[in-house]
Structure formats: structure tokens, C-alpha cells
Amino acid sequence: MSEAGRIALEIDGLVRRFGAREVLSDITLAVPEGKITCLLGESGSGKSTLLRLLAGVDAPDGGRIRMGGREIVGPRTFIEPEDRAIGFMFQDYALFPHLSVDDNLAFGLRHLSRAERDARVAEVAERISIGHLRGRFPHSLSGGEQQRVALARAMAPKPAILLMDEPFSNLDQGLREKVRRETVQTLRALGATAIIVTHDPQEALAVGDLIVLMREGTIEQVASPFAIYDNPVSPYAAEFMGPCNRLTGIWSQGMLETPIGAFPGNLDLPDGTLALACIRPQALSIEPDGAGISARVLGKTFIGESEQIDIQVHPLGAPLRMHSHFRIPMEVGARVSLRLNGAQVHVFADPAQPRPEG
Ligand code: ADP
Ligand code: MG
């Protein structure tokens, strides 16, 4: 892990206000070099605002940004966007409609000689596999082709860091996954440092080396995909990354005691305090031998790759939701026996935290 420790970008106490509203509050983050960092969050959480501050198309109301050890933004510093070695790929690609693909690629290379520029355009077109599109104009390209041209244009000046704002959100579901896979392959092959904005947790889990979960202008958690999914710091983080069943229990001697079992946790709470368990749907399964928790099937919804099953457990007010990847023969109303995998249960102090929207 010799490169693992290198930091491309240091963000320190960044603040941005619009009028009286603080849209970014004290954002502090180290962006690793040669990795893909995903900025993940609900719409309005401040992702694009942060990206714009990094690109230099907007200035913060406080804080600093350092890039490769050099301050590019600070109380008395503001390096212009074109002097930052940062590439920006816009959500709508923002290709110049009146320029050919080649001229779009050459746009950020005006400082080079004609020969150098031509060589760089040819090189990046080859790398991003758009050589066959070079004479075409943007309107004649498919969505996926436009996306690749936009990527190539952002990469052509060889930026130290590539910023991409929701780069896959304009593509149809079917194409999105393919383009996403190819883009990630390209970025990895180039050893690029990239920050990719997304509101889609599955996209962040699939693409990111590091996930930065944002919440109302603050950073909720920074972690690898496995770590954020397996060890969310809050109910918000747990529920943002995937569905959870919430269950209130009583904290006692290092365990959260609930009507369906006691779960270990790491809470600094006095015994007898109410606390919260978040149980992933896949933590629950139906036992054939009847040795588990006694429950009843309340509803079943077939969703293709799995079946969503709502289960009533007698002492609980609300049903538990589980996902089953094989077909369950029991009908609605049937008595079943439930098993719970405690490794998929997360325990938190605050039982009344608001849920993520959408
Ligand atoms: P995201 O990209 O996460 O959806 P944004 O960074 O675009 O969120 O926006 C964060 C918040 O800042 C939103 O509430 C948005 O309305 C507000 N905002 C963004 N830009 C401006 C602006 N130029 N003037 C006023 N409010 C803005
Ligand atoms: Mg945005």
C-alpha cells in the first residue's frame, strides 16, 4: 500500500452560505490520490456546491483547500480554475454543439502548440475509445457516446484531479451500468484521482474506493464501501445505504435488549436507556425447523430477483420486512419461524433520528 497514504486534495473547514443559509458547514476531508472518491447524498445536501468550490467556479465563505501541498483556496488565496489542474465533467456534459468531437477535445489545450495539441487529442481519443467519433458533432452522438466525449474532454489536459457531477444520471438504466463500468475501468487504468458525485447509494458502493456521505451540508461518514455498509455511524447512514427495520430496545450491560433478541453494541449509555436497532432485511430468514422466533406472514411482494416479505412478530407494533432470494411456500397468514443474523444488526443511541428522504 505504498501509494495508499498520498493525499491529492485537503479540504479544511470549508463553509459556503447563500444568504442566511449555510449550505456547506465545516467540510473537512482528505481526498486520496489515484482513487475514486464518491460524494454521496440526498438532493440538496451540498454535493454540487462542494464540487464547484473545488473546481474554482465558486468561492467559499471560509476554509481552505490544498492540492498537492499547495494552497489553492484560503482566506487570502484564490487560484483561478484554469490554473488548478482540475478537470470538470458536468452532469449534462456541456459539449460545445458547434464544435466537432476533435475540437471539443482540443478546447482545453489552447496553450499547447498545434502539433502537441493534435497529438494529445489523438492520444486521449484512443485511450477513451472514441477514435471513431472524432469527426462527428455532438448532436449526432448517442447518450453513451456523448458521455465518453465529455470524459475525454475533461481528461485531455491531464488534470491531477477529475471532478464528475452525476456523470451517469443522464443515461438510461440499461446503458448506465455499462458506461459506469467502462468509465471506472478507464479511470483505474489511468490511475486517475477522481471525485464522482452521486445520489445513488448502489452506484457509490459499486464505484467508490472511498464514500463520503453528505447530509445537509455536513459530512455524515467517510468510509470504504464495505465499512459504510457494515459499520454505519448513525441510523441515517445505515438507512441511506440500504433499507433497515427499526426496533427500539433497552440498553443493558453492553447489549440492546429487544423483544426479538439482544444485540451487542458500543454505546456509551446508562443501563435502562432506550436505544435503536437497525436490522437489514437480509438479516432475517425463515427457518424450516420451527426453532426460531414465532412470527406470521403479513404480506408478500414478488420483486423479481427476490421476494419482499412482511412478517408480524407478536410483541412488535410494526411488521419486519425481509428479503428472500428463494420462493417461500407459505401463504399470507401462515405461521413461520424467524431466524436473525446478528451481524446484520446495527445498534445506535438515538432512537428518534429522522429517516433519509426518498
Ligand atoms: P446537491 O448537488 O447535493 O443536490 P447543491 O450543492 O446543488 O446540492 O445545493 C445545496 C443547497 O444549496 C440546495 O438547497 C440549493 O438550493 C442551494 N444552492 C445551491 N446553489 C445556490 C445558489 N447559487 N444560490 C442559492 N442557493 C443555492
Ligand atoms: Mg447536484
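**Figure 1. Glu166 in the loop between strand S8 and helix H5.** Glu166 sits in the loop that runs between strand S8 (161-165) and helix H5 (173-190). Helices (H or I, at least four residues) and strands (E, at least two) are DSSP runs, numbered from the N terminus. The model shown is predicted: local features need pLDDT of at least 70, side-chain atom pairs count only at pLDDT 80 or more, and totals for chains, interfaces and linings use all residues. Residues are numbered from 1 along each chain as its sequence is written, chains are lettered from A and ligands numbered from 1 in the order in which they are written, and side-chain values use heavy atoms, with hydrogens and water left out. Although Glu166 is not a glycine, its phi is positive, at about 45°. Glu166 counts as buried, with 10% relative accessibility; buried means under 20% relative accessible area, exposed over 50%, and partly exposed in between (1.4 Å probe, protein chains only).

**Figure 2. Ile161 in strand S8.** Ile161 belongs to strand S8. The relative accessible area of Ile161 is 1%, so this residue is buried. Leaving out residues up to four places away in sequence, Ile161 touches Ala8, Leu9, Met67, Ala85, Ile86, Gly87 and Thr193. Contact here means heavy atoms within 4.5 Å. Ala192 is 31 residues from Ile161 in sequence, and the two C-alpha atoms are 7.0 Å apart in space.

**Figure 3. Glu177 in helix H5.** Helix H5 holds Glu177. At 43% relative accessibility, Glu177 counts as partly exposed. Between the C-alpha atoms of Glu177 and Ala206 there are 9.8 Å, and the two residues are 29 residues apart along the chain.

**Figure 4. Phe88 in strand S7.** Phe88 is part of strand S7 (residues 86-89). With a relative accessible area of 17%, Phe88 is buried. The residues that Phe88 touches, not counting those up to four places away in sequence, are Leu51, Arg52, Ala55, Ala154 and Leu163. Phe88 and Arg153 are 65 residues apart along the chain, with 9.0 Å between their C-alpha atoms.

**Figure 5. The surroundings of ligand 1.** Which residues surround ligand 1? They are Phe18, Arg21, Val23, Glu42, Ser43, Gly44, Ser45, Gly46, Lys47, Ser48 and Thr49; a residue is near a molecule or strand if one of its heavy atoms lies within 4 Å of it. An N or O atom in the side chain of Arg21 is 3.0 Å from an oxygen atom of ligand 1. For the side chain of Ser48, an N or O atom is 2.9 Å from an oxygen atom of the ligand. Gly44 takes part through its backbone, where an N or O atom lies 2.7 Å from an oxygen atom of ligand 1. On its own, ligand 1 has 560 Å² of accessible area, and the protein covers 58% of this. Accessible areas come from the Shrake-Rupley method with a 1.4 Å probe; for residues, only the protein chains shown count as cover. Strand S2 (21-32) and helix H1 (47-55) are the elements that give two or more residues to the shell around ligand 1.

Figure 6. H1 gives the most to the shell around ligand 1, namely three residues. The helix is mostly covered, with seven of its nine residues buried. The buried residues in H1 are Lys47, Thr49, Leu50, Leu51, Leu53, Leu54 and Ala55. An α-helix has 3.6 residues a turn, so residues three or four places apart point the same way. Just after H1, Gly56 has a positive phi of about 90°.

**Figure 7. Gln253 in the loop between strands S12 and S13.** Gln253 is placed in the loop between strand S12 (245-252) and strand S13 (255-258). The phi of Gln253 is positive, about 50°, although the residue is not a glycine. Is Gln253 buried or exposed? Gln253 counts as exposed, at 69% relative accessibility.

**Figure 8. The chain as a whole, for orientation.** The chain has eight helices and 21 strands. Its C-alpha atoms fill a box of roughly 75 × 45 × 45 Å, taken along the principal axes. Of its 358 residues, 48% count as buried. Among contacts between residues at least 6 apart in sequence, 64% join residues at least 24 apart.

How values were computed:
A polar contact is a pair of N or O atoms within 3.5 Å; within protein, one must be able to donate a hydrogen and the other to accept it, and residues adjacent in sequence count only if both atoms are side-chain atoms.
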